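Colleague: Could you walk me through this one? I'd like to start with the pocket.

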Amino acid sequence: MDYFKAMEATNSWMRLGLHYTQMNMAAAEVIAHRVMRMSQGTMSASEAMQMVMEKGSSMALASEKAAMAAVKGSSPVEIATAAIGPLRAATRSNAKRLRG
């Protein structure tokens, strides 16, 4: 394996790790906000419904992205990155929305 292919592979794995970490940090923040609102009795019914309903649609989209990457012949790390993309976007969006 030449140097540039090795660097490209390393960058792909590092990108996956970064995206996974960002997703987990945003998820922890969302959980903290929601638990606080539940414990204080200030969580709206729409937020409670969204908390439940968003899981299925996010996982369906993640599965679709992973399947499309696999069909295109992408590497395992690229497939995993494609799957994490929608989950990362949803958790980061929720975290940003719940901060306000």
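This is a predicted model: local features need pLDDT of at least 70, side-chain atom pairs count only at pLDDT 80 or more; totals for chains, interfaces and linings use all residues.

Colleague: How many nonpolar, polar and charged residues are in the lining of the largest pocket?

Modeller: Residues are numbered from 1 along each chain as its sequence is written, and side-chain values use heavy atoms, leaving out hydrogens and water. Ala, Val, Leu, Ile, Met, Phe, Trp, Tyr, Cys and Pro count as nonpolar, Asp, Glu, Lys and Arg as charged, and the others, Gly among them, as polar. By that scheme the lining has nine nonpolar, three polar and three charged residues.

Colleague: Which helix gives the most to that lining?

Modeller: A pocket here is an open set of points on a 1 Å grid over the protein atoms alone, where a 1.4 Å probe fits, with protein on both sides within 12 Å along at least five of seven lines; lining residues have an atom within 4 Å of a point. Helices are DSSP runs (H or I, at least four residues) numbered from the N terminus. H1, H2 and H3 each supply at least two lining residues, but the most, six residues, come from H1.

Colleague: Is Arg34 buried or exposed?

Modeller: Arg34 is found in helix H1 and is among the lining residues nearest the pocket's centre. Buried means under 20% relative accessible area, exposed over 50%, and partly exposed in between (1.4 Å probe, protein chains only). Since Arg34 has 4% relative accessibility, it counts as buried.
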